[in-house]
Amino acid sequence: MNFITILRILLLPFSILYGIIVSIRNLLYDCRILTSTSFDIPIITVGNLSVGGTGKTPQIEYLVRLLQDDSQVAVLSRGYKRKSEGFVLANENTTVEALGDEPFQYHQKFSKIDVAVNGDRVAGVKQLMILKPKTNLILLDDAYQHRRIKAGYQILLTSYSDLYYKDFMMPTGNLRELWWGKNRADVIVVTKCPSDLSKEDQEKITAKIHPSPSQKVFFSSIAYSPILKGYKEIKLKELQNQKIVLVTGIAKPSPLLSYLKNQEIQFEHLKFPDHHNFTVDEINKIQQKGKESIILTTEKDYVRLEKDIKKLLYIPIETVFLNNKTAFDKEVLAFVKR
C-alpha cells in the first residue's frame with residue numbers, strides 16, 4: 001500500500017463530510033429553497049461528477065460542429081487558471097492567459113462562434129446576451145455543478161477508465177458530488193472507450209449506470225488524427241524512428257501514451273499537471289530538448305506553448321461515437337428546436 005493510498009484512506013472522514021455538504025446543497029436546489037436562474041434561449045451543459053479528464057473539451061467541440069451552422073452558438077466557460085478576472089469575451093486581441101487554454105482553443109478553432117469566460121455563469125449569460133444579442137444557443141463548459149443557472153439540457157460525461165459508480169467523494173476519491181447527481185442529466189456519455197468495446201460490455205456498463213427511464217446512455221471514444229499540426233503538417237507515421245519529446249499538461253495522458261506506443265512512436269515524456277502554466281525554466285528546458293528532438297504536445301497544451309516553442313507539433317483529437325451517433329445528434333437537435 002503506497003503513501004497516496006494511505007493518505008486517501010485517512011482522509012475518508014473529510015470525504016464523508018464533503019459528500020454530506022454537497023448533498024444538502026443539491027437538496028436545497030431540488031426543493032427550490034435555493035433558486036436557479038432560467039433564460040429564454042437553449043442552454044446545454046457539458047460536465048461530469050468527477051474531477052477532470054473525462055473529455056469535456058472534445059465533447060464541446062463535437063457539439064459546436066453539430067450546431068454552429070444552424071445556430072449562433074456561444075461557449076461560456078469558467079476559464080480555469082486564466083490570469084484575468086470577471087467576464088471576458090474573446091476577440092482578435094485576446095490571449096490564452098486571459099481566456100484559459102480550453103476556451104482559447106475554441107476561440108482559435110471555430111470562427112463562427114463566440115467564446116466567453118466568467119466564474120459566475122448567470123452573470124456570464126447576461127453579459128453575452130447584451131454584447132452578442134444574436135446568440136440563440138449557449139454551451140456551458142464544465143458547469144454540471146453550477147446550479148445557480150438552470151440549463152435546459154444536461155450532458156453528463158464519465159470516463160470508461162474511471163466510471164463514477166466505481167469512485168468516491170473527494171479527497172478520498174475524485175467525485176465532486178455523489179453518484180445520484182447523475183439523475184439531473186438528460187443523457188450520459190461514457191467517454192474514452194476502446195474503439196472495439198463490444199455491445200455486451202456496453203450493456204453491462206449501462207446496467208451499472210442504472211439510467212432513469214428518460215435517460216439515454218451513449219458510448220464514445222477519442223479519435224487521434226493521423227496528421228499532426230502546428231508549425232507544419234506532418235503524418236504521424238513519419239515520426240517513427242525519430243527522437244520525440246512528448247509534453248503533456250492534461251489530467252489523464254495515458255490514452256495518448258498508449259496510442260503513440262501502438263503507432264510505434266518512441267518518445268520521452270515530460271508530464272505536467274492539468275492546465276499547467278509553464279515557467280520560464282520549464283520553457284527553457286523544452287526549448288533545449290527541441291534542439292535535438294521533435295517536440296510533440298496535445299492541442300490544449302499547444303495553445304499555451306506555441307508562442308514560446310516555435311517548432312511545435314500537436315496531435316488533434318475528436319470525439320467519435322461507437323454507435324448511435326445519429327440518435328445522439330437527434331436528441332440534441334430536438335432540444336434546440338424545442
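## Aromatic pairs and cluster

Rings of Phe, Tyr and Trp (its six-membered ring) are taken to pair if their centres lie within 6.5 Å, with planes under 30 degrees apart counted as stacked, over 60 as edge-to-face and the rest as tilted. On this basis Y62, F218, F321 and F328 form one aromatic cluster. The structure is a predicted model, in which local features need pLDDT of at least 70 and side-chain atom pairs count only at pLDDT 80 or more, while totals for chains, interfaces and linings use all residues. Residues are numbered from 1 along each chain as its sequence is written, and side-chain values use heavy atoms, with hydrogens and water left out.

A search of the whole structure finds eleven aromatic pairs. One of them joins W179 and W180 edge-to-face, at 5.7 Å centre to centre and with 70 degrees between the planes. W179 is partly exposed at 44% relative accessible area, and W180 is also partly exposed, at 46%; buried means under 20% relative accessible area, exposed over 50%, and partly exposed in between (1.4 Å probe, protein chains only). Y224 and Y259 form a stacked pair, 4.5 Å centre to centre with 20 degrees between the planes. This pair links distant parts of the chain, with Y224 in strand β8 (residues 216–224) and Y259 in helix α8 (residues 254–262), 35 residues apart. Y224 counts as buried, at 17% relative accessibility. Helices (H or I, at least four residues) and strands (E, at least two) are DSSP runs, numbered from the N terminus.

## Nonpolar cores

In soluble globular proteins, nonpolar side chains tend to be buried together. A nonpolar core is here a set of buried Ala, Val, Leu, Ile, Met, Phe, Trp, Tyr and Cys residues joined through side-chain atoms within 4.5 Å. The largest core has 34 residues, of which I44, L63, L67, L139, I155 and F328 touch the most other members. Helix α3 (residues 56–67) supplies the largest share of this core, six residues. A second, separate core of 18 residues includes Y164, M169, C193 and L197.

Contact means heavy atoms within 4.5 Å. Leaving aside residues up to four places away in sequence, I44 touches residues including L63, L67, L139, I155 and V336.

Two strands pair if DSSP finds at least two bridges between them. An open sheet of nine strands, with mixed pairing, has the order β3-β4-β2-β5-β1-β6-β7-β8-β15. β3 (88–89) and β15 (317–321) stand at the edges with a single partner strand each, so one side of each is left without a neighbour in the sheet. β8 and β15 run antiparallel and are joined by five bridges; A223 stands opposite E318 in β15.

Helix α3 lies across several strands, among them β1 (43–48), β8 and β15, and runs at about 75 degrees to β15. Axes are lines fitted to C-alpha atoms, for helices over the stretch in contact, and angles run from 0 to 180 degrees between N-to-C directions.

## The six-stranded sheet

A further open sheet of six strands has the order β10-β9-β14-β13-β11-β12, again with mixed pairing. Its edges are β10 (234–235) and β12 (267–271), each with a single partner strand, so one side of each has no neighbour in the sheet. Strands β13 (residues 294–298) and β14 (residues 312–315) pair in the parallel sense over four bridges, and the bridge partner of T298 in β14 is I315.

## Cysteines

The search of the whole structure finds zero disulfides, a disulfide being a pair of cysteine sulfur atoms within 2.5 Å. C31 is partly exposed at 48% relative accessible area, whereas C193 is buried at 6%.
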